[in-house]
Amino acid sequence: MSPRERIFEARLRPEVHDDLKNLPTHRLRKIAVFRIQNLIYGDERGRELIGTAEPDLTGCRRLYFDEIPKLARWRIVYRELPACRPGTLPVIQILAVGPRAHMDVYERAALRLGLLSREDMS
């Protein structure tokens with residue numbers, strides 16, 4: 001069996017490391033990292049965010065995860081970017097990892113993209 005090949009390069013915003021550390025359980029952290037790896041290898045793809053709510057994150061995607069089957073309380077918000085130069089892989093840029101509750105993860109992603117200011121956050 002040949003090793004899997006990445007179809008994306010991963011780039012995590014520096015704050016995402018803290019997002020992962022701040023997940024409440026070790027199991028959630030492992031699940032989040034596993035799901036990010038699935039994105040890099042093309043094993044799954046999140047749903048598009050299409051600007052139906054504020055903040056408007058059109059062009060980004062969300063991937064649900066949870067440690068309890070059939071729940072989806074947590075999100076990975078990311079965007080797919082083209083390759084920087086010929087011969088390199090396109091990029092998965094992880095913007096935020098965190099709870100869906102109160103739009104938290106979406107607000108953090110928008111803040112990190114410069115689409116929202118701290119004063120705008122609920």
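Strand 1 (residues 9-12) and strand 5 pair in the parallel sense over 4 bridges. Pairing here means that DSSP finds at least two bridges between two strands. Strands are DSSP runs of E, at least two residues long; helices are runs of H or I, at least four residues long, and both are numbered from the N terminus. This is a predicted model, where local features need pLDDT of at least 70, side-chain atom pairs count only at pLDDT 80 or more, and totals for chains, interfaces and linings use all residues. Residues are numbered from 1 along each chain as its sequence is written, and side-chain values use heavy atoms, leaving out hydrogens and water.

Strand 4 (residues 74-81) also joins strand 5, running antiparallel over 8 bridges. Two bridge partners in strand 5 are listed here.

| Residue | Bridge partner in strand 5 |
|---|---|
| Glu-9 | Val-91 |
| Tyr-78 | Ile-94 |

Strand 5 is mostly covered, with 8 of its 9 residues buried. Buried means under 20% relative accessible area, exposed over 50%, and partly exposed in between (1.4 Å probe, protein chains only).

Gln-93 lies in strand 5 (residues 91-99). Gln-93 counts as buried because its relative accessibility is 14%. Leaving aside residues up to four places away in sequence, Gln-93 touches Arg-11, Arg-13, Val-77, Tyr-78, Arg-79 and Leu-81. Contact means heavy atoms within 4.5 Å.

Helix 2 (residues 26-40) also has buried residues, including Leu-28, Ile-31 and Ala-32. Their cover includes strand 1, helix 1 (14-21), strand 3 (61-65), strand 4 and strand 5. After helix 2 comes Gly-42, with a positive phi near 75 degrees.
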